[in-house]
Amino acid sequence: MSDASGRCIHSVVKAMAVLDCLAAHRRPMSLGELAAALDAPKASVHGLLASLRQNGVVEQSTSDGKYRLGIRLFEYGCIVSSSWDVVGCSREQMHHIALQSEDSVILSTLEGDSALTIETAAAAGSFRVVSEKGDHMPLHCTSQGKLLAAYLPAGERRILLQRLHFTSYTPHTIAAPEALEQELDAIRDRGYATEDGEYRIGLRGVSAPIRDVSGRVCAALGVVGMFRRVQSEEFERARDLVVAAAQEISYAMGSRSAGRD
């Protein structure tokens, strides 16, 4: 791992080595065993273990003092697994939308203060306008970003609005938290989000919520293209495709929610 200047953060590398060692041995290990396996001083390994314990990624037995991987790693794994499940459940629908609309389809999840692209699809020969997998998109001016923000619990949404940077990408970008809050309320009312040249001039998009087994919105499914306007027939067709597909994917994810909060 590197810091902003590109330098390796050695303490993080060493901590990962401890986790890798515990994972490779698949059993609790004593401080001495870990130090020997890592060829490192006991004092250094003990310091790393103390930090890892504090953050829940390593646990220590009260009976024999040995260390094992912590429950926090299981929680991280469940989050990652959930993301991949969304991708697996969405691929067929995404390719169907791409073929029907001849526009780019994007699947996103919320990560911090941005929408993370986790999958994309486009019809062969169509003009790709979406980001690549792993890219982050702003929340205040993309359909997928606004959709994900809209379905946050009220308290989380309020905090998010206070810390967002309202960068103006085009003259149509929402530039104030009050205006965005009104837009998010409207999104929840109608069940989908639109983007009208707010992030890139000429580009328009629409996104609908995907829900998991608990009914929580876990991802946004959207179409982005060079539609003439959001009231056009082709845009409305794309909207209907996205909303229907998001409902199908939600069902495949185990959601039996009525569809709106």
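Reader: Axes are lines fitted to C-alpha atoms, for helices over the stretch in contact, and angles run from 0 to 180 degrees between N-to-C directions. At what angle do H1 and H3 pack?

Author: Helix H1 (residues 10-25) and helix H3 (residues 42-54) pack at about 80°, and their axes are 10 Å apart. H1 and H3 are therefore roughly perpendicular to each other (65 to 115 degrees). Helices (H or I, at least four residues) and strands (E, at least two) are DSSP runs, numbered from the N terminus.

This is a predicted model, in which local features need pLDDT of at least 70, side-chain atom pairs count only at pLDDT 80 or more, and totals for chains, interfaces and linings use all residues. Residues are numbered from 1 along each chain as its sequence is written, and side-chain values use heavy atoms, with hydrogens and water left out.

Reader: Which residues make the contact of H1 with H3?

Author: H1 supplies Ser11, Lys14, Ala15, Val18 and Leu19, while H3 supplies Leu48, Leu49 and Leu52; contact means heavy atoms within 4.5 Å. Of the residues in this contact, 6 are nonpolar, 1 is polar and 1 is charged. Ala, Val, Leu, Ile, Met, Phe, Trp, Tyr, Cys and Pro count as nonpolar, Asp, Glu, Lys and Arg as charged, and the others, Gly among them, as polar.

Reader: Turning to H7, which residues are buried there?

Author: Leu180, Glu183, Leu184 and Ile187 of H7 are buried (under 20% relative accessible area, with a 1.4 Å probe and protein chains only; exposed is over 50%). The buried residues of H7 fall within an arc of 105° seen down its axis, so they line one face of the helix. The arc is that of the directions from the helix axis to the C-beta atoms.

Reader: What do they pack against, and what is on the face turned away?

Author: They pack against helix H5 (143-150), helix H6 (154-163) and strand S6 (193-196). The face turned away from the buried side carries Glu178, Gln182 and Asp189, which are exposed. After H7 comes Gly191, with a positive phi near 90°.

Reader: And which residues of H6 are buried?

Author: Arg157, Leu160 and Leu161 of H6 are buried. They line one face of H6, because they fall within an arc of 100° seen down its axis. H5 and H7 are among the elements that cover them.

Conventions:
Parallel < 35°, antiparallel > 145°, perpendicular 65-115°, else oblique.
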